[in-house]
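Subject: Structure for you to look at

Dear colleague,

I am passing on the structure we spoke about, and below it I have set out what was found. Please have it open as you read.

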Amino acid sequence: MPVVTRSAARAAANAGIDITGVQGLRAPVSNQGNVVWEYRATDAYTGRGPEETPKPEVDHVLEVQLLDFAFVLSYGAVGGREGSMAAAQAHEQIVDVFNGVTNLNVTTKRINCAKRGPFTSALNRLDSDSLRDLNLEQFARQGRARSLVDDGTWARIEGALVNAYDATNHQLSEADMLPRAAELAERTMNELGSILDRLGVYDN
């Protein structure tokens, strides 16, 4: 399991949260293409099927950098510590859910690569508390994702974010966990929802 993303590590350091031993939430998903196609039938960002999707890649709808960011802040809020059984259980459940089909989509390599940048830029600003009124779409307009905004793909991406959040939140709420693990998972989802709200995802 990889370490947490740089934006998450920076947020933890700025908040004085000790994340020693905390691992990232990414798991390998590149081999899940067929399973995701069976689940979705079409690319959630374009509405196109497998035959119309050149150079397909499996993408996390809710970017892992968002998840790591929300998790480390929630880990600090519940007083998480290295070796905690509850923290380990919550981590395991979150990894399982967010690397599963409800948070995965098969899209083109071009879209997958362009989609990542706006989230990185937004989290950097969010971490420095200088986000102000800039929303995710505005970050998308500033870089490689601009064409996705212009052709309507970005609006569908943001719609997919909301759907993935609702689906994964429901899955985690029904998972059988220790009370402290369930608290960490719930706080992570609440923090993630708050981030999406600050990014203006619910405005569309």
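A residue is called partly exposed here when its relative accessible area lies between the limit for buried, under 20%, and the limit for exposed, over 50%. E183, with a relative accessible area of 27%, is therefore partly exposed, and R180, at 47% relative accessibility, counts as partly exposed as well. Please bear in mind throughout that this is a predicted model.

The side chains of E183 and R180 meet in a salt bridge, with 3.2 Å from N to O. Both residues lie in helix 9, where three residues, about one turn of the helix, separate them. Elsewhere, salt bridges with shared partners join D59, E63 and K115 into one network.

D59 counts as buried because its relative accessibility is 4%, and K115 counts as buried because its relative accessibility is 0%. A further salt bridge joins R141 to D150, whose closest N and O atoms are 3.5 Å apart; here R141 is partly exposed, having a relative accessible area of 39%, while D150 is exposed, having one of 53%. In the whole structure, the search finds six salt bridges.

After helix 9 comes G200, whose phi is positive, near 75°.

The interior can be described next. In soluble globular proteins, nonpolar side chains tend to be buried together. The largest nonpolar core in this model has 57 residues, and those with the most contacts inside it are L62, F98, W154 and L192. The elements that give two or more residues to this core are helix 1 (6–15), helix 3, helix 4, helix 5, helix 6 (136–141), helix 7 (146–150), helix 8 and helix 9. A second, separate core of six residues includes V36, W37, L104 and V106.

Which residues does W154 contact, leaving aside its neighbours within four places in sequence? They are K115, P118, F119, L136, E137, A140, A145, L148 and V149.

Finally, two residues in one loop may deserve a look on your screen. A41 lies in the loop between helix 2 (33–40) and strand 1 (56–60), and its phi is near 75°, a positive value in a residue other than glycine. K55 is found in the loop between helix 2 and strand 1, and its phi, near 45°, is again a positive value in a residue other than glycine. A41 counts as partly exposed because its relative accessibility is 46%, whereas K55 counts as exposed because its relative accessibility is 67%.

With best wishes

Key: Residues are numbered from 1 along each chain as its sequence is written. This is a predicted model: local features need pLDDT of at least 70, side-chain atom pairs count only at pLDDT 80 or more; totals for chains, interfaces and linings use all residues. Side-chain values use heavy atoms; hydrogens and water are left out. Helices (H or I, at least four residues) and strands (E, at least two) are DSSP runs, numbered from the N terminus. Buried means under 20% relative accessible area, exposed over 50%, partly exposed in between (1.4 Å probe, protein chains only). A salt bridge is a side-chain nitrogen of Lys or Arg within 4 Å of a carboxyl oxygen of Asp or Glu. A nonpolar core is a set of buried Ala, Val, Leu, Ile, Met, Phe, Trp, Tyr and Cys residues joined through side-chain atoms within 4.5 Å. Contact means heavy atoms within 4.5 Å.
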